[in-house]
Every structure is written in C-alpha cells, then in structure tokens.
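Dear colleague,

Please find below the structure that I am handing over to you. My notes on it come after the display.

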Amino acid sequence: MFKFQIEFKYSVPISKTLTLGTLGPSGTSSEAALKYLISQIEQEKIKEINVLVKLFDSFIDLQQALKNEQVDLALVPHAYERINEFYMQPKFDLGFIFVCPTPVYGLAKRKDQEFKVIGSKIVTHPAPLPLLSELLPLQYSPQEMTVELVNSTSVAAKQVHQGLADLAITNEKARQYYDLEFVSIYGTIPMSWSVFYKKPAVAYV
C-alpha cells in the first residue's frame, strides 16, 4: 500500500490570528470541511493561534479575498469546476491537501409540501448535479423538471425553505439548518480539498 505525507507549509502570522475562508453560507460541505481542518489545527496547538472563519458567496469572491489578504487561507474542494484558477494564480501557493468526506447528500423538500417531480423546480450547486438521476424515483427523468444552478448546496436549501424552488440537492447540514426533509438520500461523497495561501511579497534590494 502506498503511503504519502504532505506537511502544512503555511507560516502562522505574527499576530497569531489565522483567518480561514471558504464557500458559504452556513451549512455548506465546504464549511463542514473547514471545521474539520480547524479541529486538526487546534489539536496541534500551533503557537496557541486564534482561528477566525469567513464564508463567501462564491469561490470567485474567496479568490479575490485571498488576493486582497482578507483571509490567510482559502479552502477549495477539488469538485469545484474552476479550481484551476486557484492553482494557476501566480500569487497563490498550495499549502496543504487533505481528504474529508462531505455530509450526507440527498434530495430535499419543505416539510409542508407534497413531493412531486413533473413540472417542479429543483436547485443545486453544479458539482452534485450528476446525482440527480440517482436521487429521482426510477419512473421519473430529470427532463421532466426545471433545473437551476446556484452557488452552493446551502443556497439551494435556503431557496426551497423560502418557497423559491420545490426541491434541492443539498447536504444534511443545510437540510437541518433550513428545516427541510429528504425524500431520497445518496450518502456521503469522498472529497479531497486544497488549502491555498498568498505567496509573500518578494523584497528586492
């Protein structure tokens, strides 16, 4: 069996306050992975640092925040379709890669609404969209509904909660947060994550 090890390359700032950012709002799989990462940092008791969390509406906003040094570290899942923009950004460097499964994913609706497929509107982040055919009853097809893409699984759950959509592909954290119920469950998704930081400015003499 192959064994690999990668060390966390980021230096703790002098202020001893480490600001971590990822996709929000609260309830995303990214936030769950970030909490796992923080638990590992706190176990190490690295210089007794204070950890702050910032959640962003999109990974594009997160990327800009890292450029502007509004966050020290940016957590991005490898399922993000534009993660190459983090890897290929000359000002960024890769600090760490780790594996952390997502919360349980499923198809959710409001508790006071009937479950229907034909003519319904479903919202989802682009990444879990391929799960739709697995989540629908066998007699139904995704072509029988309107699919709208949103920025996160948590936003999807929020829109169903607000009555703006009938169904959402979302995770267990967001389902609980917005008081929805699953009509079908897929399960957890094995996921790898990258942690990026901004390269320090080079001082020329």
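The notes below begin with the chain as a whole and then turn to its sheet.

The model is predicted, so local features need pLDDT of at least 70 and side-chain atom pairs count only at pLDDT 80 or more, while totals for chains, interfaces and linings use all residues. Residues are numbered from 1 along each chain as its sequence is written, and side-chain values use heavy atoms, with hydrogens and water left out.

The chain holds six helices and 10 strands; these are DSSP runs, helices being H or I of at least four residues and strands E of at least two, numbered from the N terminus. Its C-alpha atoms fill a box of roughly 70 × 35 × 35 Å along the principal axes. Of the 205 residues, 45% are buried, that is, under 20% relative accessible area with a 1.4 Å probe, protein chains only.

Five strands form an open sheet with mixed pairing, in the order β2-β1-β3-β10-β4; two strands pair if DSSP finds at least two bridges between them. Because β2 (50-56) and β4 (92-99) stand at the edges with a single partner strand each, one side of each has no neighbour in the sheet. From one strand to the next, the twist averages 25 degrees; angles run from 0 to 180 degrees between N-to-C directions, with axes fitted to C-alpha atoms, for helices over the stretch in contact.

Strands β1 (residues 17-23) and β3 (residues 73-77) pair in the parallel sense over two bridges, and G21 has A74 in β3 as its bridge partner. Helix α2 (residues 59-67) packs on the sheet and touches β1, β2, β3, β4 and β10 (192-198), where contact means heavy atoms within 4.5 Å. The direction of α2 makes about 155 degrees with that of β3.

Yours sincerely

Notes
Buried means under 20% relative accessible area, exposed over 50%, partly exposed in between (1.4 Å probe, protein chains only).
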